[in-house]
Amino acid sequence: LIPVVNKLQEIFTQANVQSKIDLPQIVVVGAQSTGKSSVLESIVGKDFLPRGSGIVTRTPIILHLIHVFPRKNVKEEKEEKPAEYAVFNHKPNVIFDDFDAVRKEIETRTKIIAGENKAISQQPILLDIYSPNVLDLTLVDLPGLTKVPVGSQPQDIDLIIRRLVLEHIQNPRSIILAVSAANMDIANSDSLQLAREVDPKGERTLGVITKLDLMDRGTDCLSVLKGKEYPLKLGYVGVVCRS
């Protein structure tokens with residue numbers, strides 16, 4: 001089923017039409033600087049997402065993780081494909097086995113789609129990642145939630161990103177990965193607040209609490225992780241992002 005879903009997403013993107021089908025996927029939502037990129041890279045097992053200050057992710061990035069079985073005998077393998085590699089939808093005949101090159105291609109493609117001025121675009125970047133170390137999943141990375149426009153960004157940049165996120169998480173077949181930082185009050189979590197609008201009972205929202213190592217001495221988020229402050233059916237996962 002997942003390969004069929006991936007192919008449908010590619011067809012809709014190539015045709016530049018809005019999908020009328022609710023395709024199952026995991027949507028990652030979080031404010032800027034909450035460690036959203038680190039969480040995604042931990043799932044994939046590779047460092048490949050652009051980093052920097054301000055809004056770095058300016059288009060939806062749809063990641064198709066495709067599990068491939070490890071080769072038992074490389075010498076007998078006739079194909080020249082590496083064990084782990086990536087293929088972009090806009091460059092279907094190019095195999096990226098260097099994930100630093102994947103990062104640079106995302107940056108280049110983002111500038112082509114969204115321009116140079118930190119603008120946001122709804123047009124997604126589709127990326128297939130083949131690896132024996134991943135499960136078959138479809139992940140959607142979205143621009144980080146923000147409140148203040150920077151540089152030449154439109155004054156309503158917060159509303160633009162909000163509408164973009166809502167378009168993806170309102171799909172009833174999607175799982176919302178709501179990323180929040182442990183060193184901030186969970187009551188002020190932008191991701192959980194937005195998730196609550198489309199999933200008021202918390203039935204398809206999974207909370208991810210990052211930066212556990214940056215909490216003030218003598219404090220903890222045990223009650224949050226146990227779901228006592230804001231219960232979610234799928235619960236919470238605590239992670240320590242890379243420094």
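This briefing looks at salt bridges in the structure above. The model is predicted: local features need pLDDT of at least 70, side-chain atom pairs count only at pLDDT 80 or more, and totals for chains, interfaces and linings use all residues. Residues are numbered from 1 along each chain as its sequence is written, and side-chain values use heavy atoms, with hydrogens and water left out. Searching the whole structure turns up 7 salt bridges (a side-chain nitrogen of Lys or Arg within 4 Å of a carboxyl oxygen of Asp or Glu).

**Asp 141 and Lys 36**
- These two residues form a salt bridge, with 2.7 Å between the closest N and O atoms.
- The pair links distant parts of the chain, 105 residues apart: Asp 141 sits in strand E6 (residues 137-141) and Lys 36 in helix H2 (residues 36-44). Helices (H or I, at least four residues) and strands (E, at least two) are DSSP runs, numbered from the N terminus.
- Asp 141 and Lys 36 are both buried (buried means under 20% relative accessible area, exposed over 50%, partly exposed in between, with a 1.4 Å probe and protein chains only).

**Lys 91 and Glu 105**
- Here the side chains meet in a salt bridge at 3.3 Å, N to O.
- Strand E4 (residues 91-96) holds Lys 91 and helix H3 (residues 99-114) holds Glu 105, 14 residues apart.
- Lys 91 counts as partly exposed because its relative accessibility is 33%, whereas Glu 105, at 10%, counts as buried.

**Glu 197 and Arg 162**
- The side chains of this pair meet in a salt bridge at 2.4 Å, N to O.
- Glu 197 belongs to helix H5 (residues 190-198) and Arg 162 to helix H4 (residues 157-169), 35 residues apart.
- Glu 197 has 42% relative accessibility, so it counts as partly exposed; Arg 162 is partly exposed at 30%.
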